[in-house]
Amino acid sequence: MKNRLISIIMCMMLGALLLGCSGGNDSSSEKADSGEEQESSEEQTIDKDFSIQMTDSYTFSDPEDLEFNQRFVLVGDESCKLLSDMSNMGYTASKIYLILYAQDGAAVGEYQYFVTPDEVSAAELADFYTSQGQQITQAENVIYAYSEADKIQATIVTFASMDTISDETPEAYIEMMKSFNGLVEYE
């Protein structure tokens, strides 16, 4: 009974994490920079050539076709709540990266990456997410899901309406991901 309860809770948390991640995008990309609130009405200048090397053979760079003026990057290792709960369900991942893009205070896209020890672990985790209705892309031992603007913004609005986050902003969503899942800002 305890294992079943843990499985149900884990499915709910993973579903919440990837809520709305049904749109795939093969333009593998990633950039990391702490999102800073825009303090003036002028558009903030952001480095759009930043990338993160997730594994020896896989690097994510910002998508070229996405307009954004804010980028939030969170990371978690095996000690974060999300990955430790995932491990309790029998899935192995050594890192998670969450990259949220915003334009003028509204979310415009989100990538969630999981780095696993090997391709078999990645395929097992991808199968789990696929069975939950998510669209997952696998590249060797890395899997990811992409949420387009309407889906990630709907997720933020849903969380705000449930009082899970304080308001309908990317910043509130990021704070929830940090406090609930144990993710930290990527440096």
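Here is a short walk through this predicted model, from the whole chain down to one glutamine. Residues are numbered from 1 along each chain as its sequence is written, and side-chain values use heavy atoms, without hydrogens and water. Local features need pLDDT of at least 70 and side-chain atom pairs count only at pLDDT 80 or more, while totals for chains, interfaces and linings use all residues.

Let us start with the overall layout. The protein chain has 5 helices and 8 strands, taken as DSSP runs (helices H or I, at least four residues; strands E, at least two) numbered from the N terminus. Along the sequence they follow the pattern α-β-β-β-α-β-β-α-β-β-α-α-β.

An open, antiparallel sheet is formed by 6 strands in the order 6-7-5-4-3-8, where pairing requires at least two DSSP bridges between two strands. Strand 6 (137–139) and strand 8 (184–185) are at the edges with a single partner strand each, so one side of each has no neighbour in the sheet. Further in, strand 3 (residues 70–77) pairs with strand 4 (residues 95–103) over 8 bridges in the antiparallel sense, and V73 sits opposite I99 in strand 4.

Leaving aside neighbours within four places in sequence, Q153 is in contact (heavy atoms within 4.5 Å) with A106, A107 and E168. With A107, the Q153 side chain reaches the backbone nitrogen at 2.9 Å.

Notes. Polar contact = N/O pair within 3.5 Å; in protein donor to acceptor, adjacent residues only side chain to side chain.
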